[in-house]
Amino acid sequence: MRFSRIFVTIAVGIAASLVGLGFWLHGFSRKATPGSTFPLPLVALNPKKPLALPAPPPFHFPDGGETLVPNYRLVALYGKPDAPALGALGQQPMDATIARVKDLAASYQTFSTTPIMPTLEIITTLASSSPTSNNDYSNEADPVTLQPWIDAARAAGVYVVLDLQPGRASFLAQAEEYESLLKQPNVGLALDPEWRVGPAQVPLKQIGSVSIDEVNATDDWLATLTAQNKLPQKLFVLQEFRSSMLPNRTALDTSHKELAYVVQMDGQGAQSVKSATWRAILQQPPGNVQFGWKNFYVKDSPVLTPQQTMALTPQPYYVSYE
């Protein structure tokens, strides 16, 4: 009996030594802290703590490059998630929206020698005719609610544009609120001056406008953000259907190679009226800009087909559907 106890004691001691040696060897193989002689201590795993999910796949332009325009044309669905009255984007669930815009983009490819990239233009801040909680007459979406759309779009090879309707706020102040989203590689920015009103004005009662200094400050901030985060070129859209919306437009700073500049004609109604607006928007353009066109499913008469849209001169680089 005495010998049995001695044998058990010896066996347990040997096992403990082997386990200790194993931990020591494992620790020795790990990187030590700067200036230390001993290996880092082992950290016990917490079985209750969930494992971190893998990062979402990166977004690459199909050619593997970093330049968006003029290497690609973009075709977009415009609107607000879960808000059918605000445009085509919100008329179906997220997965169906992505499928719809990919089909729409494919319908344009026949009429373009440039690759067509499907795009979602999301109303990110929505102008209001009533005072909002911060009295800026603009309802700002929580970035957290938009992230699933951006993730799903990136996984499907779809670009995203955040559309700002700032009310009495500045475009720059609102853009900064969405820095976490704009740091992502498949996210661009659109400014809609129609909804940028003065301190005594109210959206829907007056058509707004924005100073060129405010636009330049916003594009400078976005270009810096893009460069600092080593992101692909970002789309930067200015929407316009009256010259008064973008006074002194020729002073637009388009020197930032990090941005692809597009002035979009977003007028609506009879095609004769839209054509006249298009011709006016093309007059005396800033340097280094492309042009875009907007189709309205409900308000245009008639709605141009993809072939008719691409027959415009110059051929638009950005087409969105509301």
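## Helix 2 against helix 3

At roughly what angle do the axes of helix 2 and helix 3 cross? In this predicted model, the axes of helix 2 (residues 94-109) and helix 3 (residues 143-155) cross at roughly 40 degrees and come within 11 Å. Angles under 35 degrees would count as roughly parallel, and the two helices are therefore oblique to each other. The crossing of helix 2 past helix 3 is right-handed.

Which residues make the contact? Helix 2 brings Met 94, Thr 97 and Ile 98, while helix 3 brings Pro 148, Trp 149, Ala 152 and Ala 153. Six of these contact residues are nonpolar and one is polar, with no charged residue taking part.

## The largest pocket

Let's turn to the open space. The largest pocket holds about 560 Å³ and has a lining of 26 residues. Nearest its centre you will find Tyr 78, Leu 86, Trp 195, Lys 299 and Glu 322.

## Backbone details in the loops

Two cis peptide bonds are worth a look. One runs from Val 69 to Pro 70, with omega near 15 degrees; Pro 70 sits in the loop between helix 1 (2-28) and strand 1 (73-79). Another runs from Thr 313 to Pro 314, with omega near -5 degrees, and Pro 314 belongs to the loop between helix 8 (306-310) and strand 9 (318-321).

Asp 82, in the loop between strand 1 and helix 2, has a positive phi near 65 degrees although Asp 82 is a residue other than glycine.

Notes:
Residues are numbered from 1 along each chain as its sequence is written. This is a predicted model: local features need pLDDT of at least 70, side-chain atom pairs count only at pLDDT 80 or more; totals for chains, interfaces and linings use all residues. Side-chain values use heavy atoms; hydrogens and water are left out. On a 1 Å grid over the protein atoms alone, a cavity is a set of points where a 1.4 Å probe fits but cannot get out, and a pocket is an open set with protein on both sides within 12 Å along at least five of seven lines; lining residues have an atom within 4 Å of a point. Grid points are joined across faces, edges and corners, and a volume is the space filled by probe spheres set on the points. Axes are lines fitted to C-alpha atoms, for helices over the stretch in contact, and angles run from 0 to 180 degrees between N-to-C directions. Helices (H or I, at least four residues) and strands (E, at least two) are DSSP runs, numbered from the N terminus. Angles under 35 degrees count as roughly parallel, over 145 as roughly antiparallel, 65 to 115 as roughly perpendicular and the rest as oblique. A crossing is left-handed if the near helix is turned anticlockwise from the far one by less than a right angle, and right-handed if clockwise. Contact means heavy atoms within 4.5 Å. Ala, Val, Leu, Ile, Met, Phe, Trp, Tyr, Cys and Pro count as nonpolar, Asp, Glu, Lys and Arg as charged, and the others, Gly among them, as polar.
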